[in-house]
Amino acid sequence: MKRRESLGLLALLLKAPDTLAAPTSPGQASIVAVRVWPAADYTRVTIESDQALAAKHFLVESPHRLVIDVEGLELSPDLRELIGKVKADDPYIAGVRVGQNTPTVVRIVLDLKQRVAPQIFTLTPVAAYKHRLVFDLYPKVEADPLLALAREHDKAPAAARRAEAAASAVNDALEELIQKIERPAPLPSPPPVVQTPATPPVAAASKPAPPPEPKPPAGSMDRLIVIALDPGHGGEDPGAVGPSGLREKDVVLAVGMKLRERLQTNPNIRVLMTRDADFFVPLQERVRKARRVQADLFVSIHADAFFTPQAKGASVFVLSDGAATSAAARWMANRENAADMVGGVNVGAATKDANVLRALLDMSTTAQIKDSLKLGSEVLGQIGRVGKLHKAKVEQAGFAVLKAPDIPSILVETAFISNPEEEKKLRDPDYQDQLVDALASGIAKYFGKNPPMARKRSTTL
Ligand SMILES: [Zn+2]
């Protein structure tokens, strides 16, 4: 052993570790798999084993590292795989070392790129998984979501940036949306049939802007629209898997990223992605992210399975403050709400947040549901133009992810991935584009009819 390492080890041994609850059976466990899910939000390392594992951990400074002692484990090639699974661009982990510390304890040292606030917890077997030992590495200081949104916007395509510069004098998304998308008919005689423009309305707003319009009344125009897009599942939670292996988490992320691009061609729209990579975000965290940036809308994107492969068509769901509108809606909500179990949530840490959220929910959700139904029917109407609908009406059930009390929220099941034909369509980039057009049109139509209230939010976000 090199001198530096042995000194480091001595320092490690002198520190009192935080102890995780011991498992009931301390036999020798076998590793089933090791996985690493790097993301800007946090990096997760999962060790899946056939028996519950217990771990102690502590942090060491200069250089920063996290030391985890896993009990009841012998060093194996499966565990060594962890070393190769850390990518060079991982935001938190610089490298991994593993060694047999004592005959029954494996020591894992994560060399860190920055200070972290680790959460280490175990999960009991669920779905396809056996026992899981999870290390979540969060940044010591949480990133400012508004700053992240601005930075993301700075990375927007050049065309969108040019459009923004051209339209900056207009300074109001609503005026743009209403004038260019809705094309209001002259009063009092309405036109016979209003056709939806062939081009997606939001994209249309990226065309060179008209000359600056007269300055609007103070207070009503310094307004950006912030839309939270929520691709479902991710990371440990693959969501539904189609007959040929297409994973829901991948499809909905692709659709979500395309939709962000489409929406952001409008200079007055900012999009917050609850996830923009393959990592798991707990349901409450999705809601919290949207609330932190005071999103005007929340759109959760899914492509689930149903218990019969024949089921097909898109559906749109909103929250219910009572019973679900159908047994199928209730079934779907239960299924989606189970995502946290599969994805893996540190229950201990989540309890406090849950109480805060529950208190918020005691506030009336009636207004939120009313607005969500309006948004839902606009989106459903547009999706009905590009594909089949599972139900022609917006359905309601107790989806945990739709519970922001102050943000109109919908969950869109774009198609059933369990249906072989729909799985094929979901895989097709052209069909994804059509879906994105429909979602963008529905959102724009909603805003055209329901302008958001002026809020104190800067256009320089
Ligand atoms: Zn889903």
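Predicted model: local features only at pLDDT ≥ 70, side-chain atom pairs only at ≥ 80, totals over all residues.
The chain contains 14 helices and 15 strands. Among contacts between residues at least 6 apart in sequence, 78% join residues at least 24 apart.

Six of its six residues are buried, so strand 12 is largely enclosed by the rest of the structure. In a regular strand the side chains alternate between the two faces of the sheet. In strand 12, Leu297, Val299 and Ile301 point one way, while Phe298, Ser300 and His302 point the other way. The residues of both sets are buried.

Strand 12 pairs with strand 10 and with strand 15. Strand 10 (residues 225-231) runs parallel to strand 12 and is joined to it by five bridges. Here Leu229 stands opposite Val299 of strand 12. The pairing of strand 12 with strand 15 is also parallel and also spans five bridges. Phe298 faces Ser409 of strand 15 in this pairing. On strand 15 (residues 409-413), the sense of pairing with strand 13 is antiparallel, over three bridges. Ser315 stands opposite Glu413 of strand 15.

Helix 9 spans residues 327-337, and its buried residues are Ala329, Met332, Ala333 and Glu336. Seen down the helix axis, these buried residues fall within an arc of 100°, so they line one face of helix 9. Their cover includes strand 13 (315-319), helix 10 (339-343) and strand 14 (395-397).

Two packed helices are described by the angle between their axes and the distance between the axes. The axes of helix 12 and helix 14 (residues 429-449) come within 8 Å and cross at roughly 145°. The crossing is right-handed. From helix 12, the contact involves Lys374, Leu375, Glu378, Val379, Gly381, Gln382, Ile383, Arg385 and Val386. From helix 14, the contact involves Gln434, Leu435, Ala438, Leu439, Ser441, Gly442, Ile443, Lys445 and Tyr446. The residues of this contact divide into nine nonpolar, five polar and four charged.

Tyr431 also lies in helix 14. Tyr431 has 18 other C-beta atoms within 10 Å and is partly exposed. A residue counts as buried at 20 or more such atoms and as exposed at 12 or fewer, so a count of 18 falls in between. Leaving aside residues up to four places away in sequence, Tyr431 touches Lys425 and Leu426. Tyr431 and Gly387 are 44 residues apart in sequence, and their C-alpha atoms are 9.2 Å apart in space.

Notes:
Residues numbered from 1 in each chain as written. Helix = DSSP H or I, 4+ residues; strand = E, 2+ residues; numbered from the N terminus. Arc of directions from axis to C-beta. Contact = placed C-beta atoms within 7 Å. Pairing = 2+ DSSP bridges. Axes fitted to C-alpha atoms, helices over the stretch in contact; angles between N-to-C directions. Left-handed = near helix turned anticlockwise from the far one by under 90°. Nonpolar A, V, L, I, M, F, W, Y, C, P; charged D, E, K, R; others polar.
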